Structures are given as C-alpha cells and as structure tokens.
Amino acid sequence: MSLRQIFDRAGLIRAYQDTFRRDGDGSRRFAPPVERVLKDLVKFCDLDRPALRLLPGEDGQALALRAAFNEGKQEVLRRILTQIHADEDLLRRVEYMQQIQQEARLDV
C-alpha cells in the first residue's frame, strides 16, 4: 500500500468518525442520537444473529438467497463499526506523517 493510499484511508476513517461523532466530553461514548442510530442498525441488520438460519418450509435456494442478503446487510454495518472504532493512536501518527510530508513539499 502506497503512502498516498494510507493517507486516503486515514481520511476516510476520519470521515466515518465525523459522521458518527462521539460525545464531546472526552469519553469513548457516542452522542445519544448516534447511539440510537447504531442500535437501530444493529437490530435492522440482525448483527446478533447468524445470517444463515432456516425458516420453516424454506427450500435450499430461498435459504441461500436470504442468507446472502442478510450477510450483505451485516457486512455493511461491520464496515461502519470497523471505521468508527479504528485505532486512534495509529490515525494520529498517519495524520502527523501526512502533515510532515505536506510541510516538506512547501519547503522545496
């Protein structure tokens, strides 16, 4: 992965974190509206349940399609959660590296 890709990735993670902002009190808790939205997404995406679960009278093809659909919903929510819980120390180091690189370009 190139340095540019690393900087882009850190910027994307920050965008997710800005969207799902934590409370400004220094705690690691989310603001109440964000917490409410995340809880709704967890419920809607059935994140606490397996994607593959057989319903009474369901055939194999319907099961496979529903399982794939459920897995897709869960994957999107896992992506959001991964981004907003990213390693803060690592992000700060990457952002510092990006700042140093930009300042070095200005000095040339």
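Colleague: Is aspartate 8 buried, exposed or partly exposed?

Modeller: Keep in mind that this model is predicted. The relative accessibility of aspartate 8 is 45%.

Colleague: How far apart are N and O in the salt bridge of aspartate 8 and arginine 4?

Modeller: In helix H1, aspartate 8 and arginine 4 are 4 residues apart, so about one helical turn separates them. Arginine 4 is exposed, at 53% relative accessible area. A salt bridge needs nitrogen and oxygen within 4 Å. For aspartate 8 and arginine 4, the N to O value is 3.8 Å.

Colleague: Is arginine 14 buried or exposed?

Modeller: The side chain of arginine 14 meets glutamate 88 in a salt bridge, at 2.7 Å from N to O. This pair links distant parts of the chain, helix H1 and helix H4, 74 residues apart. The relative accessibility of arginine 14 is 18%. Under 20% means buried, so arginine 14 counts as buried.

Colleague: Which residue forms a salt bridge with glutamate 88 at 3.9 Å?

Modeller: Glutamate 88 is partly exposed, at 21% relative accessibility. The closest N and O atoms are 3.9 Å apart, and the partner is arginine 92.

Colleague: How many salt bridges does the count come to?

Modeller: Some of them join up: Arg14, Glu88, Arg92 and Glu95 are linked in a network. The count of salt bridges comes to 7.

Definitions and conventions. Residues are numbered from 1 along each chain as its sequence is written. This is a predicted model: local features need pLDDT of at least 70, side-chain atom pairs count only at pLDDT 80 or more; totals for chains, interfaces and linings use all residues. Side-chain values use heavy atoms; hydrogens and water are left out. Helices (H or I, at least four residues) and strands (E, at least two) are DSSP runs, numbered from the N terminus. Buried means under 20% relative accessible area, exposed over 50%, partly exposed in between (1.4 Å probe, protein chains only).
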